[in-house]
Amino acid sequence: MIIYLAISIMFFIGIYGMMAKKNIIKMIIGVNIIGYAVNLFFIVLGYKNNGIQPILVPGVSIEEFVEKAVNPIPQALVLTSIVIDLSTICFLAALSIRIYEKYGTFDLEKIRRLKG
Amino acid sequence: MNLIIFPVIFYLLSSFLIALLWKEDEKLSGIACLSFSILTLISIISLGKHLILNERIVYFVGNWRIPYGITLMVDALSYIFLLVLNFILPIICWFSLTYIEKYTKSGYFYILFSLISAGLNGILISMDFFNIYVFLELSSLASYILVAFGLRTEELEASLKYTMIGFIGSTLILIGIGLILGKTGTLNIADFMSAAMSLKKVQLWFILGLFIAGFALKSALFPFHFWLPDAHSLAPSPVSAMLSGLFIKITGFYLLIRFVSNVFIMFPESKIILMGLGLVSMIFGALMAIDQIDIKRTYAYSSISQIGYCVLAFGIGTYYGYLGAILHFIYHSFSKTLLFLNSGAIEYRYKTTKIEELKGLQDKMPYTTTTGSIGMLSISGIPPFGCFWSKIIIIIAAIKSFYYGIAFICVIVSIITLGYFLKLQRNIFYSKKEMGKNEEVNLNLLMPMVLLSVIIFFSGLILIPELKIYLDKAIDVMQNFSYIEIMEK
Amino acid sequence: MNKGMSEIVKTISKIVSPFIIIFGISVIFYGHLTPGGGFPGGVIISASFVILLLAYGKEKILSKLSLYKSDILHDIGALMFLSVALAGFIGGTFFLNIFDKGKLFSLWSGGNLIFSNIAIGLKVGTSLFLGIILLSMVRIVYKENKIEFYEKKEDIK
Amino acid sequence: MAVNFGFHVFLLVMMIIGSLVAIFSRKLISSLVSLGTVGMLLSIYFLILGAPDIAITQLVVEILALIILLSAITGRDVTADMTTSKVYAFLFIFIFIVSIITFITYSNFIFPEFGNTNMRVGKEYLYLAPLKLKAANVVTAIVLDFRGYDTIGEATVIFTAIIGVMVLLRKKGKKDE
């Protein structure tokens, strides 16, 4: 239970970074931290007490391998979602560069030209 | 039975080939994108023949059975969404052949256009939680980029706000998928349902809550709507037509239907939440759309209220409610696409969509005026046109299940909708006579609008008995289909 | 971006980056035997290019792997992976593993895993390198190879 | 790797401290560096949780993300002012408290127990990959063969991001500007 509590605290720190901070780079860091927290959540879901990595090495027999290996499905998903977060950050960085060219600042407070 | 995969493959191929070969030549990439989307439409229509014979098509990617590989499934409900999607996409692509010339490097526009369509088609045919998430993420990322395609300051800021909120929505859905993986160990919807039967109901309410919040955020229902007006009004017109007409409906409304009525069947009361969300966003969208100064912002707020109609009709839960929801989705997609393409034609000619700067378009752009007023009358529910039938059915559904208050509010909101659309028409199209010369836009912009308005004009025919059978099949899917039946087969 | 970093960093990165590239390629090719695979290998290869970019500045690295070439490679990688998937149609369904599976721990095992790994590695490697070059390159306009990008004027204020 | 429970908690606490520093520090460069430490700790934690190729990918991807953000910062303003909008702060604290309370009361309903994962389908993959596909790395077999259709979608996501970077870095958006 402590592990999940710590992951959700990290998730809420990321959400705070995105919502309350007005600097675009801080928002991108918040996005990054949320991505880390969700990926960690997936891998923690697939953990088995002192389980070995799901890669068969010549010395191990199949039955022992199946008995002790960790759940491989979340790891396949995290490989995909790590790269999805990287693409979002790549796009947001390019967006913040262009916003900086137009406004001369990363601070959203001065940028507020759009009404709600 | 490989026809089911072809929509996704064609659009992926079109985006990769345009990026490789024709990116610099704008004319050629437009034609390539148009030909690939027409090819997809043909493959979808030929898919229909198989669907009539057997009730649904299940396809195992890589020949791996249910729990191991990814399975795809098309039944009557997703076939209707596929038809509407793949019928509107070539029209938008045809419209943007000349509209996009105003933007630099429009080859990239066609790449991103086919990527969004690949994502939307991927969502409609898939039956696997994580697969839906990946294609949802693909089409959302492509739409974040297209909102900022014009590189003006407002567009960049609207895209930033849209990206942040869209990212939160995707993360909520991803956490829901993680919990499903944790609880039942599988990602396949049918396998999940057969495993979830043994779980207690209390354990699943949190997962359903996450999904409803994520999809409500993606379809801009009331509490999460504030990204939509900026994103849809500042994007290039074909992009906002695709966003308003198709994107929020498929990533939000379609997935809400699937998850509430087909996956989480043990929570019938969740429809009441949807009814509440739909009601509030219907009222809010209509009220906000009244005093807008920009045509596209009025259309954006009106699409918030119209998707509120669809979700409300689905929330009622009876046969008529489902029929009203499906019909309203179909008619609103066609008419809202027509309206945004119409505002695109006006913007193409006069470089502005502010209401007071556009006067007396009746004689300057006669055809645009007629098609635009057809679209506006259709959405506000004037008899011969599309949305009148669906609004009537929704009101009947509300009365039949004794929600008189909701029926009354529906009537009031459609009157308000009629109000602001008439105001729009009076100011833009039929205001004082200005003897300007005929500055009608060229055919490439005009024919898509004429085609859409013809469809809307004859859209009442869908209710005749021969065609209604297919609608009833889709409603039967919405009412009592659950993915467990696929497990037994 | 000035002309790259100090002399020490340049010589070290010159020595190290070939080894990083070889390590990345080995991670790609042995993806189905040892930990790794398409994604990690591709990302490692693009990291090695980025090290050279940071050490030597943009002009030198772009002479080796110009924007136009990496753009082409990036699309070819995507098409290769899609064609490996489409090759499954020969055997019937979309993503079928039609190649013979070979022995368990030998290099040739796991059917089309190897080709998918190579395609993904090529794609991820070149596209991330292209992304980082573009993001850090916002200051220089390249006209000759048809990709001209925004040059940051000094008077942005 | 068999590591006692205390080390898990230690890594998580360090990550939380790192992300706090990343969010609340005044200079952007120091917040990026602390973001780097959080990514490094995450990569070590993946290794301990038995996911080696995720650890490699996370390590290198985190370095590239750091380089991307640093290239966005260099030559532009490097300090972020500390004022946060009060409305968001209070709204956030309210959401945080409510969710922590529901978390503690319902946690054993919502989250599966930490140590034993639900291996109902995971076990089949551990049999299938080595025997049927002859592939020793089960995770790569899942990513590229059992669930290869996901990976096509995901490879297209990177493709979209790079097209997005190219679109956003054009000289000017509209021809008539």
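Tutor: Two residues count as in contact if their C-beta atoms, placed from the backbone, lie within 7 Å. The model is predicted. By that criterion, the contact between chain B and chain D draws 42 residues from chain B and 35 residues from chain D. On the chain B side, helix 1 (6-20), helix 4 (107-125), helix 5 (129-147), helix 6 (153-184) and helix 8 (201-218) each supply at least two of the residues that touch chain D. Helix 5 of chain B gives the largest share of that side, nine residues. By residue type, the side of chain B that touches chain D divides into 26 nonpolar, eleven polar and five charged residues.

Next, the nonpolar core. The largest nonpolar core has 346 residues, and those touching the most other members are A:Ala93, B:Leu112, D:Leu64 and D:Ile68. Helix 4 of chain A (residues 72-103) provides the largest share of this core, 19 residues.

Leaving aside residues up to four places away in sequence, D:Leu64 touches A:Leu86 in chain A, and in chain C it touches C:Val43, C:Ser46, C:Ala47, C:Val50, C:Leu128 and C:Ile132.

Of the 157 residues in chain C, 46% are buried. Among contacts in chain C between residues at least 6 apart in sequence, 64% link residues at least 24 apart.

Conventions
Residues are numbered from 1 along each chain as its sequence is written. Chains are lettered from A and ligands numbered from 1 in the order in which they are written. This is a predicted model: local features need pLDDT of at least 70, side-chain atom pairs count only at pLDDT 80 or more; totals for chains, interfaces and linings use all residues. Helices (H or I, at least four residues) and strands (E, at least two) are DSSP runs, numbered from the N terminus. Ala, Val, Leu, Ile, Met, Phe, Trp, Tyr, Cys and Pro count as nonpolar, Asp, Glu, Lys and Arg as charged, and the others, Gly among them, as polar. A residue is buried if 20 or more other C-beta atoms lie within 10 Å of its own, exposed if 12 or fewer, and partly exposed in between; C-beta atoms are placed from the backbone. A nonpolar core is a set of buried Ala, Val, Leu, Ile, Met, Phe, Trp, Tyr and Cys residues joined through C-beta atoms within 7 Å.
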